[in-house]
Amino acid sequence: MSTENEGNAVPPAPSAPPVPMASPTASPQGPAPAGNAPTAPLPPVPQEAPAAPTASAAPEHGPAPDGSWPPPPPVTPAYGDGGAGGPGTGWGASYQQPAPKPRGGRGGLVAAVLVAALVAGGLGGGLGYTLAKDQDDRGSTTVSASDSATQVKRAPGTIANVAAKALPSTVTIEAESDNGEGGTGTGFVFDTQGHIVTNNHVVADAVDGGKLSATFPNGKKYDAEVVGHAQGYDVAVIKLKNAPSDLKPLALGDSDKVAVGDETIAIGAPFGLSNTVTTGIISAKNRPVASSDGSSASKASYMSALQTDASINPGNSGGPLLDASGAVIGINSAIQSSGSGGFGTGQSGSIGLGFAIPINQAKYVAQQLIKTGKPVYAKIGASVSLEDSTDGAQITDQGTGGSAAVEAGGPADRAGLKPGDVITKLDDHVIDSGPTLIGEIWTHKPGDKVTITYKRGGQEHTVELTLGSREGDN
């Protein structure tokens, strides 16, 4: 399964998780009309009868990390096809190449929208002229709007009502590096001090001397700065400069209580189209996802994700996934991509498989970033293989850079785990691969006690250990 870091791509379960969403693009739907011809001819002007004309129909167109950091980049083949090529095969296809930035493809999209608007305007003008001419021939007629129109009232639980309340607390984020490269994503108000929560990959371009801004649906735009970012979790916090005093943080739900089938509402800026609302349901929980921005230097992010069929596309990254009451239950981060396509590049958009970081995990990470500026990760202190597997997470013979595979005095060492052991469960969660184990470990906090089930020499063993901690991404 390939996942695109929404602003990328995701791999498949059960043997492997999906990967994040970058900025894919969708291919044009068909050839544009030749020359300056309209999509439909103007209707003829009636000579006698004043009946409204009808326009003729338009012609048909035709080796290994652990719960420790940093996990080495996935081996090739790695996690799915990253959203550009054909469908992935579990943890057996290479990462997606860097996804084109939304603003690169937005020119074509804006042009298409403008063309559509102009054509509609032309048809409207033609019809208006024809009707006016007929009326002038027969005498003038005045038509007034009805005074009896009633205002539509919507119940509090409707999607429209939930969206109306949540939209003012979402922002479209533009990040630009010092060399001018950048992209667009989404974020939401976390507190009244001006902190905005989003994805790490949304703001990565602006981390070292770049530019960052956040625009609200009312058009007000604010410069912002990165407070902290967690590459492994794919969570970041930015802060508005000269933040307004009337910020309304979105209510946070409880992602542990989410059930498959629950309604979901996603808000974001797909392909740069700000303030877009889409709906769906929770399709699955605890979906193992490994994501990357596709660059050769990128490191993977891991999550035990909420899966939704709400339409999510590049630009939705960092936006809130809401429940039916309007509470945030996740941060939209990745999509499954089945092939190429999309506004002139090789990445696809939504096929109904989106992945969000559970808000319980994201809240903890955001609070740590606001407090210290650095992420804190839970760990077992053992390196595990990231190779394609369906049997479990095997502790490697050697750790990253020639270090010991099992950290001396660490949680795994104290629990008696050794190189070659294959971890098959963490508490009640089945572990089918190294990335799945990492994602599950990172749903916990340092100090949590977990039960590890593992196999050694064909025999199954169970042991309890207390998770350790590591600060920072490096």
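Visitor: Before I look at single residues, what makes two strands count as paired?

Guide: Two strands pair if DSSP finds at least two bridges between them. Keep in mind that this is a predicted model. In strand S3, Gly 182 is the bridge partner of Glu 176. Strand S2 (residues 170-176) and strand S3 (residues 182-189) pair in the antiparallel sense, with seven bridges.

Visitor: What holds the strands of a sheet together in general?

Guide: Strands pair through backbone hydrogen bonds, either parallel or antiparallel. Here the pairing is antiparallel, and six strands close into a barrel in the order S2-S3-S4-S7-S6-S5. On average, neighbouring strands of this sheet are turned by 40 degrees against each other, direction ignored.

Visitor: Which helix packs on the sheet?

Guide: That is helix H4 (residues 359-372), which touches S3, strand S4 (195-198), strand S6 (221-230) and strand S7 (235-240). The direction of H4 makes about 55 degrees with that of S7.

Visitor: How many salt bridges does the structure hold?

Guide: There are two salt bridges. In one of them, the side chains of Lys 379 and Glu 407 meet at 2.8 Å, N to O. Lys 379 sits in strand S14 (residues 376-379), while Glu 407 is in the loop between strand S15 (393-394) and helix H5 (411-414), 28 residues apart.

Visitor: And which residue forms a salt bridge with Asp 421?

Guide: Arg 456 does, with the closest N and O atoms 2.8 Å apart. Asp 421 lies in the loop between H5 and strand S16 (422-426) and Arg 456 in strand S18 (residues 449-456), so the pair ties together parts 35 residues apart in sequence.

Visitor: Is Asp 421 buried or exposed?

Guide: Asp 421 counts as buried, at 1% relative accessibility, whereas Arg 456 is partly exposed at 30%.

Terms used: Residues numbered from 1 in each chain as written. Predicted model: local features only at pLDDT ≥ 70, side-chain atom pairs only at ≥ 80, totals over all residues. Heavy atoms only, no water. Helix = DSSP H or I, 4+ residues; strand = E, 2+ residues; numbered from the N terminus. Axes fitted to C-alpha atoms, helices over the stretch in contact; angles between N-to-C directions. Contact = heavy atoms within 4.5 Å. Salt bridge = Lys/Arg side-chain N within 4 Å of Asp/Glu carboxyl O. Buried < 20%, exposed > 50% of the residue type's maximum accessible area, 1.4 Å probe, protein only.
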